[in-house]
Structure formats: structure tokens, C-alpha cells
Amino acid sequence: MYIPTRVMFGEGMLNKLGDQPMPGRRALIIISNGKSTRANGYLARTEEQLHRAGVETFVFDGVAPNPSVGNVNAGAKVARDNDCDFLVALGGGSVMDCAKAIAVMATNEGELWDYVPIGSGKGLPIAVRPLPIIAITTTAGTGSETDSSGVITKEDTFEKAFVGDASLFPVLSIVDAELMKSVPATFTAYQGFDALFHSTEGYIAKGANLMSDMYALEAIRNIAEYLPRAIKDGNDIEARTRVAFGNTLSGGVMCLTLITSEHALEHALSAYHPNLPHGAGLIMVSRAYYKYFIEHHACDDRFIRMAQAMGMTEASKPEDFLTALTRLQEACGVADLKMSDYGIVPEEFETLMRNTREVMGVMFTSDRVQMSDADIVNVYEESYK
Ligand SMILES: [Zn+2]
């Protein structure tokens with residue numbers, strides 16, 4: 001187990017950032033291209049804390065919801081032009097993921113895809129140490145604050161892939177549920193389910209182990225119990241804190257074992273339809289996806305234990321997991337998401353299936369049962385509305 005990030009967890013932790021040792025003197029603060037980080041006062045508060053610590057700050061506000069290679073190159077240029085010696089990622093998963101890629105490209109030559117290990121990436125080793133990262137997460141979704149990879153989209157080849165390296169663990173992460181109160185209900189749901197699936201996938205993965213199981217079950221328990229509350233009342237700080245806790249644990253799961261191909265199926269969807277939020281895409285395919293593994297008896301006992309962790313104490317058969325998952329999606333108002341609302345058409349499913357193999361093929365090595373190409377297309381078809 002190697003998760004070398006110092007995590008400051010709890011309500012109000014952002015106010016303590018200025019007391020912490022800093023990894024440099026000149027910080028590039030990375031935020032999304034939306035208005036919220038400024039409007040909520042999070043940027044000003046972060047700048048104030050960094051200035052209190054004697055750090056000079058610069059801002060890059062060009063990260064799109066599904067960050068692209070272009071976003072990474074633009075951010076790396078700002079970091080180099082201003083001689084920044086560390087990065088502060090202030091935002092959700094997109095911002096933290098993009099910061100990791102910027103950290104690599106601020107100090108290394110060539111193109112980002114030289115360092116991407118999958119798809120058409122060259123998989124070269126990262127020669128020069130990337131800039132250190134402080135992550136301040138404003139959402140509870142990707143677990144990126146405690147892992148060492150970042151997902152980036154290469155638009156011309158429809159590849160949603162990643163860079164990853166032990167040097168990309170944030171040196172410090174702030175998980176402050178107060179910053180999550182402003183996330184709208186629908187995105188709270190999408191991000192919460194992303195966090196849930198990092199743990200459900202990790203729990204049924206081939207590489208699941210004693211440590212990842214402990215993190216995963218506790219994450220599933222916290223998210224299933226508290227996500228509906230956080231969606232209903234965004235100011236419910238206890239619920240926000242518990243969902244954030246589940247999400248941070250799920251980030252740990254991804255450091256302890258490779259998650260499964262549900263993420264490959266989703267990455268293909270949002271690579272071709274960048275307006276589709278990652279969590280929403282996962283929700284859309286989830287029931288047909290898990291049904292496949294349940295019908296093939298991939299790990300009956302594990303599905304039963306997940307259903308129990310989701311509050312179905314009487315669960316006794318693997319199918320109960322599908323019931324628990326459906327109930328949770330209904331309680332969170334996301335049981336009826338439609339692919340067609342995002343412009344997805346069934347004629348694409350063959351193309352999407354090939355994309356899962358070509359770009360995220362590695363995820364299938366984590367599955368206990370191997371899906372055929374037809375099985376993958378079938379999951380999309382069953383999920384289609
Ligand atoms: Zn995810």
C-alpha cells in the first residue's frame with residue numbers, strides 16, 4: 001500500500017491551509033473554466049491562505065468539464081511562463097486530473113500522449129519529476145485527491161485515457177465538506193455514484209484484497225446511507241462529510257486495486273459525448289453491467305455483502321445487489337437517466353465497444369469473467385433509453 005498524500009479531512013480545513021508547510025514559493029492555482037470557484041469565494045479564500053504562507057500565486061482558469069490535451073498544454077505554458085514551482089488544484093475531479101497532467105507537462109519535453117500508457121499513448125517514463133500538487137477538492141466524486149492518476153481526453157482520436165505515476169500523488173489534500181455545499185443536487189448524485197462505483201468495481205475486481213475490501217465496504221456503506229440526504233439538502237454537513245469520506249476511501253481503493261471495465265464502458269460514452277458527465281454515464285450502464293457479472297456468478301458472496309453494506313441487511317442472493325442499487329438510484333433521482341438525452345444513438349454501440357478495447361482494454365484484465373464484444377454491445381443496448 002502506497003498512498004503518500006497527507007489528507008486534511010473535515011469541515012473548515014481550508015482555513016488551515018496557510019499554516020501548512022508549502023512545497024514551493026510560486027503556486028499556479030488551477031480552477032475550472034466556469035464561474036463558480038470565483039463566485040463562491042473559494043479562489044479568494046485559497047489565495048489568502050497561500051499568501052499567509054508567503055506564497056506568490058498565479059491563476060489558470062481553463063479546465064473544461066472533460067479536460068482535454070489542449071487544456072493541459074495551456075496550463076503547462078502558464079506554469080512555465082511564471083516559473084511556478086507547485087500547483088494548487090482547486091475544484092472537482094476534472095481540475096485535479098488536469099493538474100496532474102499539467103504537473104507532468106510543466107517539467108517534461110514532448111507531448112502529453114508520450115506519457116500516456118494506454119491507447120495510442122507511447123507510455124514513455126516521466127523523465128523529470130512533475131511539479132508537486134496540493135489538491136483542494138470541492139466535490140465528492142473522483143477520489144483524485146488521494147490517487148496518482150489523471151484522466152484526460154484526446155479529442156481528435158476520441159480517447160479518454162490517463163497519465164499516472166507515483167510522483168503524481170498530491171503532497172497535501174484538503175477534503176472540506178463545507179466547500180461541497182454549493183454542488184447542485186444532480187451533480188452531487190453523479191459524483192456520489194462515481195465514488196460508489198470506484199468501490200463496487202474495486203470490490204468485485206480480480207485484484208481485490210484485504211485492505212481494498214476494507215476501504216470499499218466502508219465507502220459503499222457511507223455513500224449509500226448519506227448520498228440521498230446530501231442530494232435532498234445540500235447544506236446537510238453531516239451527509240456531505242460522510243459522502244466525502246466515502247469518496248476519499250474510494251480513492252484509496254483505486255490505489256490498492258485496479259477497478260473493472262464499467263469504467264471502460266463509460267469512458268467510451270463520454271469520449272464521444274463530452275457533454276455527458278462521467279458519473280451519469282456510469283449510472284446509465286450500471287444495472288446491465290452488474291447484472292452481467294451476477295448472471296455469470298462472478299463472485300456471488302461479494303455481491304451479497306455489497307447489498308448488505310447498502311442497507312439491505314436481509315440480502316441473501318447476488319441479485320439483491322441490483323435491487324439495492326436500483327433503490328439507491330431511485331432515492332437519488334437518477335434511475336431514469338437517458339442516453340438519448342445526450343445524443344447517443346444505438347448505431348454507435350459497435351464503435352463504442354471497439355473504443356473500450358482500444359483505449360481502456362487494461363480494465364478488462366480486472367474482471368473475473370471476460371465479456372465478449374457482443375456482451376459489451378449488449379450492455380449498452382440493455383441500458384439504452
Ligand atoms: Zn470514475
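Buried area is the accessible area, found with a 1.4 Å probe, that two parts lose on being put together, summed over both. The structure described here is a predicted model, in which local features need pLDDT of at least 70 and side-chain atom pairs count only at pLDDT 80 or more, while totals for chains, interfaces and linings use all residues. Residues are numbered from 1 along each chain as its sequence is written, and side-chain values use heavy atoms, with hydrogens and water left out.

An automatic or database domain assignment gives domain 1 (6-179) and domain 2 (185-383). Taken over C-alpha atoms, the centres of domain 1 and domain 2 are 25 Å apart. The contact (heavy atoms within 4.5 Å) takes 23 residues from domain 1 and 30 residues from domain 2. Between them, the two domains bury about 2100 Å², with 64% of this on carbon and sulfur atoms. On the side of domain 1, Ala140, Phe158 and Lys160 lose the most area to domain 2, together 29% of what that side buries.

Salt bridges come next; the term stands for a side-chain nitrogen of Lys or Arg within 4 Å of a carboxyl oxygen of Asp or Glu. The structure holds 19 salt bridges, and 1 is found across the interface of domain 1 and domain 2. The side chain of Lys160 forms a salt bridge with that of Glu266, at 3.8 Å from N to O. Another salt bridge joins Glu56 and Arg26 (3.1 Å, N to O). This pair links distant parts of the chain, 30 residues apart, with Glu56 in strand E3 (residues 56-63) and Arg26 in strand E2 (residues 26-32). Strands (E, at least two residues) and helices (H or I, at least four) are DSSP runs, numbered from the N terminus.

On a 1 Å grid over the protein atoms alone, a cavity is a set of points where a 1.4 Å probe fits but cannot get out, and lining residues have an atom within 4 Å of a point. The count is 1 cavity of 30 Å³ or more. The largest cavity holds about 60 Å³, a volume being the space filled by probe spheres set on the points. Its lining includes Ala140, Met180, Phe187 and Arg240. Helix H5 (185-204) and helix H7 (237-256) each supply at least two lining residues, and H5 gives the largest share, 4 residues.

How values were computed: 1 Å grid on protein atoms, 1.4 Å probe; cavity = no way out; pocket = protein on both sides within 12 Å on 5 of 7 lines; lining within 4 Å.
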